[in-house]
Amino acid sequence: MFKKLQNFFSEKVSTPSKLLQGDFLIADKDLHTITEDLIEVVKKDPDTVELALALGNLFRAQGDLERAIRVRYTLLARPNLPKKLQTRAWLELGKDFQKSGFFDRATDAFENAVKVSGMLPEIMLEMASLSAKNKDYENAANFYEKLNFPSLAAHYLIRSAQLVAIPSKTEKYIKQALNVYPNSVEAWLEKVIFYFEQKKEKKVIEIFDKALKSIPEHLIFAFLEGFYGYAFYRDCYSFTGEAVVENPFFQIPVEIFSCIQENYPENDVLILYAAIGFHVFKDVEKSENLITELLNRNEHFFPAHLFFLRFFQKDLLENNHLVYFLENVAAIYRFECSQCGFKTNRLFFHCPCCSAWHSIHYRVEYLSG
Ligand SMILES: [Zn+2]
């Protein structure tokens, strides 16, 4: 029975219903009674440490955090518990507290794990995640850098930059982020916005050029989306709302958009962004040429059609019925998480659904559903 239970609990169980689908008889007994029995077994039997840890994880997965925490303390109260298992128990207890929202207690538990075994990577990983949840971004960045996750370290340095109101400090964090991870899309975005706000036109062009050469190609659209969204547009695909807000600071030189076109002539998504930029900054002919060329080579690129209709077929906007349909099409989400399929029109660097990092991509195929 123990072996079977051990196998069962070592599986990752995420929903209570799965308990009832096991290939041994559990549905006939009250779940509450069974778990209470198991806690008693765990208390008495010295060979059940692994089972106790798995049981706690099961409770946590089910949201029964009180029981999960109780199991950890029962385990930690055992005399002569090997150091390795003590560490694991403290670590899991910290995760339980973190999930319960008791961040101070979670910190204490992780610190106890460090006292037992030193700063192991698995403990550091939990402490990094906890620091981020606590909005202690600098500490989170520090942990992630030590763990050799430079893109995450850069992300949290930029979060620190966004929290400070003193320009010299903001600049320091941005510089630090780019030192840690020179390809960071968040850091380049923050940097270009920083100089844009200060109306330093030459610097903006220079940063734009460097950013296009440093950020991985599949994430450049995120840099452009972030910058355009900040600098001049709200929603250039909308047929009824206010489409474009002129930038209030200075005219962005169109060289910036030529730069996109020259660096990535084959990238449909980036060419669309270039066409939008040209249009906003009054090089309408160039914009129309680009978008026409783009649609000739990729007739299924939805947002390019919308952009074309919105800006180059304005007489269509007089037909309310058509506008109704176009508005609905324009509401289709353009971004998707490549890990879990979460869709949105908002830029994200950390998937709000599955927590994957930098998994955002621009949807090119829409018709498949
Ligand atoms: Zn996701």
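User: What makes H358 buried or exposed?
Analyst: A residue counts as buried if 20 or more other C-beta atoms lie within 10 Å of its own, exposed if 12 or fewer, and partly exposed in between, with C-beta atoms placed from the backbone. H358 has 20 other C-beta atoms within 10 Å, so it's buried. You'll find H358 in the loop between β2 and β3, and H358 has a positive phi of about 50° although it is not a glycine.
Keep in mind that this is a predicted model, where local features need pLDDT of at least 70, side-chain atom pairs count only at pLDDT 80 or more, and totals for chains, interfaces and linings use all residues. Residues are numbered from 1 along each chain as its sequence is written.

User: And K199, why is that one called exposed?
Analyst: K199 has 10 other C-beta atoms within 10 Å, so it falls in the exposed class. K199 lies in the loop between α12 (185-197) and α13 (201-214), and its phi is near 60°, a positive value in a residue other than glycine.

User: What makes G341 exposed?
Analyst: G341 is exposed because it has 10 other C-beta atoms within 10 Å. Its place is in the loop between β1 and β2. The C-alpha atoms of G341 and C354 are separated by 9.2 Å, with the two residues 13 apart along the chain.

User: What counts as a helix or a strand here, and how many are there in the chain?
Analyst: Both are DSSP runs numbered from the N terminus: helices are H or I with at least four residues, strands are E with at least two. The chain has 19 helices and three strands.

User: How do you know that the length of α16 agrees with a helix?
Analyst: The expected span is 1.5 Å times one less than the number of residues. For the 13 residues of α16 (residues 268-280) that should be 18 Å, and the end C-alpha atoms are 19 Å apart, which agrees.

User: Why is α16 called largely enclosed?
Analyst: Twelve of its 13 residues are buried, so the rest of the structure largely encloses α16. Among the buried ones are Y273, F278 and H279. What covers them includes α14 (217-231), α15 (255-263), α17 (284-297), α18 (302-312) and β3 (360-362). Just after α16, K282 takes a positive phi of about 70°.

User: Why are α4 and α6 called roughly parallel?
Analyst: Axes are lines fitted to C-alpha atoms, for helices over the stretch in contact, and angles run from 0 to 180 degrees between N-to-C directions. Angles under 35 degrees count as roughly parallel, over 145 as roughly antiparallel, 65 to 115 as roughly perpendicular and the rest as oblique. Helix α4 (residues 49-62) and helix α6 (residues 83-100) pack at about 10°, with axes 11 Å apart, and therefore α4 and α6 are roughly parallel.

User: Which residues of α4 and α6 are in contact?
Analyst: Contact means C-beta atoms, placed from the backbone, within 7 Å. V49, L53, G56, N57 and R60 in α4 meet L85, R88, A89, E92, K95, D96 and K99 in α6.

User: How do you know that β1 and β3 pair?
Analyst: Two strands pair if DSSP finds at least two bridges between them. Three bridges join β1 (residues 335-337) to β3, and the two run antiparallel. The bridge partner of C337 in β3 is I360.

User: What makes β2 and β3 edge strands?
Analyst: The open sheet of three strands has the order β2-β1-β3, with antiparallel pairing. β2 (343-344) and β3 each have a single partner strand, so one side of each is left without a neighbour in the sheet.

Technical notes:
Contact = placed C-beta atoms within 7 Å.
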